[in-house]
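Morning, everyone. Please have a look at the structure on the screen. I'll take you through it in a few minutes.

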Amino acid sequence: MKEMFSQCVRKAGDNVQPLYGSAFAMAISLNVLWTVMPFVIRNIGGTEEHVGYVWAANMLGYMVCLLFAAARLDHLNARMATRTATAAMFLATLLTLAVVWYAITRNRLGDPVLIWTVIAAGTLAGAAMSLFWPYLMAWVSADYEGVTLNRRLGTYNGMWSGAVILGPLIGGALVDMSTLGPIVTSAMCLAVCFGLLSLAHDESAGTVGSAKPAGVTGICFEPAMLARLKWMARIAMFCSWACLGVSRSQFALLFTGMGFSETQFGILITIFGICNFLALTGAGRFEFWHFKPVLLFGVQAALALSLLLLIFGRTLWAFVPAFMIMGVGFGFAYSSHLYYASCGSKKRSAPMAIHEVTLSLGIIVGSGVGGYLAANVGPYSPYWFALGVLALGVIAQALTWVALKPRRHNQNIR
């Protein structure tokens with residue numbers, strides 16, 4: 001029986017490597033492009049507001065189409081959906097490349113039509129991405145539960161978070177040399193991603209989007225506790241992505257305004273990526289953190305500390321630990337919600353869509369509101385705003401813990 005089970009597990013995971021590779025290639029593409037996007041917008045004459053709006057618009061397109069995809073497209077085959085998404089994102093990136101090239105070579109810097117065309121291309125790329133991450137995550141995790149689910153998600157998280165280490169470093173180095181270089185590199189990575197998806201033939205691809213529930217191995221957990229932790233993790237993940245939206249968009253301009261270079265900013269994001277990678281892979285390797293709510297409160301405190309370092313720091317010795325702390329907290333929040341949202345769910349595409357909608361909202365709030373505040377209130381106002389989001393997050397977590405407490409029915413026993 002044990003040998004038969006091992007053979008079944010090997011069969012299900014025989015062709016999973018291309019899926020891990022496609023997650024890595026897509027994440028490289030996104031991190032190269034979105035690390036340098038503040039500088040790209042700046043170099044074609046955009047303002048702080050444009051910098052905030054471009055990522056917010058990208059994630060708004062992603063979130064809106066996620067809601068549509070979750071409601072209307074849950075029947076799609078994962079292989080077809082992910083390849084369609086990658087091809088559409090490739091075309092949107094080529095449009096961005098053409099517009100930026102035209103603005104620079106024809107000296108059309110500051111042209112609002114061109115700047116908003118780049119923002120629109122980012123929105124289209126975000127909309128297409130709604131067919132990628134939820135379907136890929138459902139594809140990777142289909143038919144798994146318990147420790148096996150945690151390990152498989154851990155490997156998947158390790159792949160995309162490994163790209164978070166390399167992507168910013170590559171993007172920061174390239175944008176120092178050429179505004180167009182990172183955009184070309186991003187497009188090339190999307191082409192590699194499409195090729196890897198074409199190699200994947202895991203049989204789960206045909207079932208993850210099906211309305212029929214997949215057969216999963218049972219796992220023991222208390223449903224009431226799972227519901228509380230799922231919502232607490234969702235709040236923590238929203239807050240972490242709001243902080244990321246501020247630090248990845250507005251801090252790029254603040255940092256270079258202090259006299260630091262784009263390459264140094266890329267190194268900071270790489271440090272964030274290393275800590276994020278360690279947190280994600282560690283969470284996927286070990287299970288001691290499961291169903292421990294105090295850790296989700298700790299995430300908020302860690303993120304608050306990192307923001308205070310960004311506000312009061314003036315040297316790399318303050319900024320490096322800020323991004324290290326943020327990387328660990330961000331990685332743990334992401335892993336927690338991904339696990340709790342998947343745990344006990346037989347149909348994975350819906351919770352994966354909710355997962356992505358939550359992080360999209362965080363980016364929209366952090367990047368969009370942060371850009372407006374930086375341009376109209378002051379350069380440090382986005383970080384104080386993010387601290388306010390964290391404070392509200394802690395209150396919301398506490399209310400969730402109390403509100404979802406299981407009710408005990410009193411019985412008189414005589």
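One term before we start: two residues are in contact when heavy atoms of theirs lie within 4.5 Å. Also, keep in mind that this is a predicted model.

Now take Cys 243. Which residues does Cys 243 touch, leaving out those up to four places away in sequence? The list is Leu 303, Leu 307, Met 326, Ala 386 and Leu 390. Cys 243 itself sits in helix 9, residues 223-257. Is Cys 243 buried or exposed? Its relative accessibility is 1%. The cut-off for buried is under 20%, so Cys 243 counts as buried. In sequence, 119 residues separate Cys 243 from Gly 362. In space, the C-alpha atoms of Cys 243 and Gly 362 are 7.8 Å apart.

Let's step back to the whole protein. What does the secondary structure come to? There are 14 helices and zero strands. The protein has 414 residues, and 56% of them count as buried.

Next, how helices pack. Two packed helices are described by the angle between their axes and the distance between the axes.

Start with helix 11, residues 294-312, and helix 12, residues 316-342. Their axes come within 8 Å and cross at roughly 155 degrees. Anything over 145 counts as roughly antiparallel, so that is what helix 11 and helix 12 are to each other. Their crossing is left-handed. And the residues in the contact of helix 11 with helix 12? We find 20 nonpolar, three polar and no charged.

Helix 12 has another partner: helix 10, residues 262-285. Here the axes come within 7 Å, and the crossing angle is roughly 35 degrees. The crossing of helix 10 and helix 12 is right-handed. The contact of helix 10 with helix 12 holds 18 nonpolar residues, five polar and no charged.

Last stop, helix 8, residues 181-199. How far does helix 8 reach from its first C-alpha to its last? The 19 residues reach 28 Å, close to the 27 Å expected at 1.5 Å a residue. Several residues of helix 8 are buried, among them Ser 186, Cys 189, Leu 190, Cys 193 and Leu 197. Look at the spacing with this in mind. An α-helix has 3.6 residues a turn, so residues three or four places apart point the same way.

That's my tour. Over to you.

How values were computed. Residues are numbered from 1 along each chain as its sequence is written. This is a predicted model: local features need pLDDT of at least 70, side-chain atom pairs count only at pLDDT 80 or more; totals for chains, interfaces and linings use all residues. Side-chain values use heavy atoms; hydrogens and water are left out. Axes are lines fitted to C-alpha atoms, for helices over the stretch in contact, and angles run from 0 to 180 degrees between N-to-C directions. Helices (H or I, at least four residues) and strands (E, at least two) are DSSP runs, numbered from the N terminus. Angles under 35 degrees count as roughly parallel, over 145 as roughly antiparallel, 65 to 115 as roughly perpendicular and the rest as oblique. A crossing is left-handed if the near helix is turned anticlockwise from the far one by less than a right angle, and right-handed if clockwise. Ala, Val, Leu, Ile, Met, Phe, Trp, Tyr, Cys and Pro count as nonpolar, Asp, Glu, Lys and Arg as charged, and the others, Gly among them, as polar. The expected span of a helix is 1.5 Å times one less than its number of residues. Buried means under 20% relative accessible area, exposed over 50%, partly exposed in between (1.4 Å probe, protein chains only).
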